[in-house]
Amino acid sequence: MSYRKIKIKPPTKFPNVDREQEYEEGFQLLSQAFIEIFRKNAKTLSYEVLYRTAYNLTFRQYGEKLYYGVKDVIAEYLEFKTEESIVPAFVNTSSTEEETGPDSSALLMNTVKVVWDDYVTAMTMIRMALKYLDDRLPKQNLPPVFDMGLDLFRDKVVHSDKYPIQTQLIAAMLNQIQLERQGDVIDRSVIKAAVTMLCELIDPTTKESVYIIDFENKYLETSAAFYKIECQTLSTSYDAPEFMRKVERRLEEEYERTIHCLSLATEPKIRGIVEKHLITENLRTVIEMKNSGLDSMLNADKYEDLLRMYKLFSRVPSGLNEMRASMKEYILHMGSEINRVVAQDVPEVKKNGSEKSVGGGAQIAIQWVEQVLALQEKFDKILERAVGNDKSFQTVFNEAFESFINNCIKSAEFISLFIDENLKKGLKGKSEDEVDDILGKTITLFRFLRDKDVFERYYKQHLAKRLLLSRSVSDDAERGMLAKLKRECGYQFTNKLEGMFNDIKLSSEMDTQFKDYSGQPLSMDIGVTVLTSTFWPMNLSSSPKCSMPQSILKACEAFEKFYFDRHSGRRLTWQPQMGNADIRATFKSSRHVLNVSTYAMIVLMLFNDDTENAGLTVEEIQGQTQIPEADVKRTLQSLACAKYKILTKDAKGREINPGDRFYFNSAFTNNLARIKIQSIVSKVENEGERKNTHDKVDEERKHQIEAAIVRIMKDRKVMEHNLLIAEVTKQLALRFMPNPVMIKKRVEALIDREYLERNTEDRRSYRYLA
């Protein structure tokens, strides 16, 4: 392979050319071309020539000089264009708001838009022609050609020293926005163009956009002033629902305007102004508006308006707090009204001993529970439809219900009575499914009770009557209710109640065995229910003594013999006040089977010996039967003063007074072969009975508190007083809310009985004694 020698020749020397002259000729060419570009005659130019000229001048080290020369040309053009196009539009625009019409402000903005669009297009072409120079400007710490053009537009047009274009342009933009707020239709594109222009122009001092410095601050100030006036107008001219619709519409309008016309950075700022003046400053005004505020919306179940209020109020920090507080106040007010009506009605029941008034006692309980359930259902719907199942609202609702329910001292009794009425046989118009649904709702009220042990005592009494008198809808319904209570409070709460069901089952089996028992034949059929004293609501020490007829006593003795043959070490105590009987009654013209209480049976059997129909006084009846006075009066009321008058009395009136004489009503007639005579029993306890019930509950609580204290101290050994109080309260809260004073007394009692002792090192703590 052979190689050729290559000689490198020096470049050909051109004749000397005047560099200044070359620059002047090149700059003259470029400046004339740029002017033609501004005049929209770019199609007559050769961009190759322009680029090569700019390249040569830059290459010859005239780049900086060319840069400033072009800057002067552009500045001169802008001054000319401002005076030629913008100033005429500006001069014809009055500076006073009264004389400025929508057309004049739109004309100025449209003129600026045309000038800006043409200028940006021209600057883009100029930047392309000066591309070689533009790429080398960073080395000389000079801004790019296009940015230099923007700065010139800012200084020569928007911030012109000769003409107040800035003031008039901003005023025109604000005027257009104000017109749109007043309902006029405007050209949003010119506002958008002006905003785009101002956003691209940068303030040299703050480095923020001219949009923020010149326009946004002024825009927010005028908007605040506008909405202050708007606030007063809306609050005095419209009701609450319409006020909220107007506010909602204003928020939507401002959002749409910002999206289509202004910078997105302005959106949270203008939204904050609208929310402050139209929502925050009117929270109480809207809530308390007469005949249309929150209370009226709640009364009329206006879910749509409530949802709108929730959405609007959720925009401001204190909005939902105000709404929650007002709703809680509404619930407490409605609850107190329900309680007040009950407090007025109950005394009327106590005054009248009639059968109607007795039923009224249960009716009051049912009415109270139904009204509370209706109120709860109302707010369940509000929670779902108006506040989006907001947990904070649910908590407030529950607190309000708990407060007014526990303010009613009869609430536990009423809820138990309501359940009792729904579980009894013969409840008209309701299927088992409907009853179960109602009982499920009642359990929600049960959750609000603080003293669940009081409810347990009433429920046990009512359950006992249902079981003993066979008045339950069904065994499944009863056990379903027990299952609900068990889920709420645990096994300990329902243990005794389940024991009552077990006693009924065992007694039914025992009754069958007794009938097959090979003893002497009895003169009557007898059915005995054997109850475990610890399960049932009875007090053996205060069991009423009663003198029963010999035929009844023989039957009782026969059962006792049967029972003790099978069970040793047990004791039977008869409870006549809890039984019932069917007796055959013969009148002059008819015969009937009377279903009465055991007491009523004993009283009626006394009249078998009254052959001369001389009658018996109250005192004679009580003396022969040994039935307690109050029970004698109620029994005589049911037999002589109720619907079926098996007995008559000489004195008129429904009250039983000392000395009243009673006679067997042999003239009694009725179409029914079997007549059920209800006992006159007060459905709702009077004050004395209620005090007695609460005393018994307090006595039970003492044992429960002591048991809790011993359990805790046995585990902890040593514990400080306040911690012990807190732990006992926590453990017993599911049954009742113990009083710290009562806990302290129980601690003292345990110290006296040497279960605990005070710690010698710290007198505020206790030590467990094994």
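1. Strand 3, which covers residues 616–617, and strand 5, which covers residues 661–664, form an antiparallel pair held over two bridges. This is a predicted model, and the points below should be read with that in mind. Within this pairing, Leu616 has Phe662 of strand 5 as its bridge partner.

2. Strand 5 also pairs with strand 4 (residues 647–649), again in the antiparallel sense, and here three bridges join the two. On this side it is Lys649 that stands opposite Phe662 in strand 5.

3. Turning to the helices, helix 8 (residues 210–237) packs with helix 10 (residues 267–278) at an angle of about 25 degrees, and their axes are 9 Å apart. Because angles under 35 degrees count as roughly parallel, helix 8 and helix 10 are to be described as roughly parallel to each other. The crossing that these two helices make is right-handed.

4. How many cavities of 30 Å³ or more does a search of the whole structure find? The search returns two, with about 40 Å³ of space in the largest cavity and about 30 Å³ in the second largest cavity.

5. The largest cavity is lined by Phe243, Met244, Val247, Leu278, Ile279, Asn282, Val286, Leu312 and Phe313. Helix 9 (240–260) and helix 13 (303–313) each contribute at least two residues to this lining, and helix 9 gives the most, with three residues. By class, the lining of the largest cavity comprises eight nonpolar residues and one polar residue, with no charged residue.

6. The second largest cavity has a lining made up of Met109, Val112, Lys113, Trp116, Val190, Ala193, Ala194 and Met197. Helix 3 (102–129) and helix 7 (188–200) are the elements that each supply at least two residues of this lining. Its composition by class is seven nonpolar residues, no polar residue and one charged residue; Lys113 is among the lining residues.

Conventions: Residues numbered from 1 in each chain as written. Predicted model: local features only at pLDDT ≥ 70, side-chain atom pairs only at ≥ 80, totals over all residues. Heavy atoms only, no water. 1 Å grid on protein atoms, 1.4 Å probe; cavity = no way out; pocket = protein on both sides within 12 Å on 5 of 7 lines; lining within 4 Å. Points joined across faces, edges and corners; volume = space filled by probe spheres on them. Helix = DSSP H or I, 4+ residues; strand = E, 2+ residues; numbered from the N terminus. Nonpolar A, V, L, I, M, F, W, Y, C, P; charged D, E, K, R; others polar. Pairing = 2+ DSSP bridges. Axes fitted to C-alpha atoms, helices over the stretch in contact; angles between N-to-C directions. Parallel < 35°, antiparallel > 145°, perpendicular 65-115°, else oblique. Left-handed = near helix turned anticlockwise from the far one by under 90°.
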